[in-house]
Structure formats: structure tokens, C-alpha cells
Amino acid sequence: MQDEYRTVAREGVHETEINRSRFLCALAPAATEREAQDFIARVRKEHPTATHNCYAYVIGADASVQKASDDGEPGGTAGVPMLQMLLRRDMRYAVAVVTRYYGGVKLGAGGLIRAYGGAVGEALDALGTRTRRRFRLATVTVDHQRAGKLQNDLRTAGREVRDVRYGEAVSIEIGLPEADVERFRAWLADATAGSAGFELGGEAYGDA
């Protein structure tokens, strides 16, 4: 697994105009290829009269799935520069659709490449990105008496509390960077006078 990756902060649309052609770049995070394709279909439905709806997406923290489409523009002038911009910005689990309404002035191959790649870059700047970092999941088990204080201590220490379950004891699920596991184990023993249980789980990604 990658230690971290970046993705789109939120779904949104950014518009630019070049030589009277309108370029609307719709961006969204997408957890799966199916989600990316559903988003593309939705954008196409919203713009049935557009000249082109070109797209690119990157799925997987290691960018294992990459797809791009020129949707009728000359080969390699739309989808590929869009994909290259996503990769240049280290975007993962992200989909971009650039909708073009032709304004009557031809841009030429170089102009199209700059326009489509630039539309994605400007949209990323406008909508923002966020970094997701790899965490080790861990479960801390503590008695009810200590649970409230421990949760406060965890949050004060900047630890991400992902879930809290109440049973005979209280189970608190947290995310830890791999390098912090042993240091956290020592901190927990100190904070709870050795009374808390600690169990490591699998791996996941969370906001850095």
C-alpha cells in the first residue's frame, strides 16, 4: 500500500472560456471505477447538447486503474492531457469530466491539449485537494470509568477516534501511523495505569 495519496476535496464544477468555447470541468472523488463511470454518465445527462464530454479518472492509491476518453475530439488532445494533469498532481480516486460547448473558433491540437489539461488544473486549484495517509487500525479497550477521560486525552493528543462501542467495556477504534504504534502503546499504558487493552487491526486510509 502507498503511504499516502491525494484526492479531490469535494465534488464541484469550474468553468473557463477559451476563444469563445466554454470548458466546464466537473471533478469528484470516486472510490471505485463504477463510481467514476456513474459520475461521467450523470454529467453527460446534464449536458446533452454539449459538443464534447471528455473524461479521465484514476482509481487506486497506486493509480492501478487509469482511463481517458477524447469523446470525439482529435485523438490524444483531450482525455490524455486531462489524465496527465491528474497524475501530475498526484490525484488518486478522482474523476474529471470536461464538457465543451464549441464557440466557433478552432483551437488546433496544441490549443486543445492546453485547454483540456488546463481546465482540470484550474478546477483542482479552485475546488482544492486533500491528502489521505495510510493508518494502522487499532482498538483500545478500557473500563467505563476511564473511557470519557481517555477519549478526551486521545483527541487532545491529535489521535483520530474512528469509532466508539459500548459493551461490558468500552472499545475505542483509532488510526495510527505505523511508525507511532510502539510509542502509542507506551503512552496508553501510562495514561491508563496499564489497565487498557490494545489490539492492532488492519490498514486503512484517513485524512492526514
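Helices here are DSSP runs of H or I with at least four residues, strands are E runs of at least two, and both are numbered from the N terminus. Keep in mind that this is a predicted model, where local features need pLDDT of at least 70 and side-chain atom pairs count only at pLDDT 80 or more, while totals for chains, interfaces and linings use all residues. Residues are numbered from 1 along each chain as its sequence is written, and side-chain values use heavy atoms, with hydrogens and water left out.

**Helix H1**
- Ala 36, Phe 39, Ile 40 and Val 43 of H1 are buried (under 20% relative accessible area, with exposed meaning over 50% and partly exposed in between, using a 1.4 Å probe and protein chains only).
- These four cover an arc of only 100° around the axis, so they sit on the same side of H1; the arc is taken from the directions from the helix axis to the C-beta atoms.
- Arg 34 and Lys 45 are exposed on the other side of H1.
- The buried residues of H1 pack against S3, strand S4 (52–59) and strand S6 (94–101), with contact meaning heavy atoms within 4.5 Å.

**Aromatic pairs**
- There are six aromatic pairs in the structure (ring centres of Phe, Tyr or the six-membered ring of Trp within 6.5 Å; planes under 30 degrees apart are stacked, over 60 edge-to-face, the rest tilted).
- Phe 23 and Tyr 116 make an edge-to-face pair, because their ring centres are 5.2 Å apart and their planes stand at 90°.
- That pair ties together distant parts of the chain, 93 residues apart: Phe 23 is in strand S3 (residues 21–29) and Tyr 116 in helix H3 (residues 108–127).
- Phe 23 is buried at a relative accessible area of 0%, and Tyr 116 is buried at 0% too.
- Tyr 5, Tyr 93 and Tyr 205 are joined into a cluster by ring pairs.

**Domains**
- The protein splits into domain 1 (4–127) and domain 2 (132–207), with bounds from an automatic or database domain assignment.
- The C-alpha centres of domain 1 and domain 2 are 40 Å apart.

**Gln 151**
- Gln 151 lies in helix H4 (residues 144–156) and is buried, at 11% relative accessibility.
- Leaving out residues up to four places away in sequence, Gln 151 touches Val 164, Tyr 166 and Ile 172.
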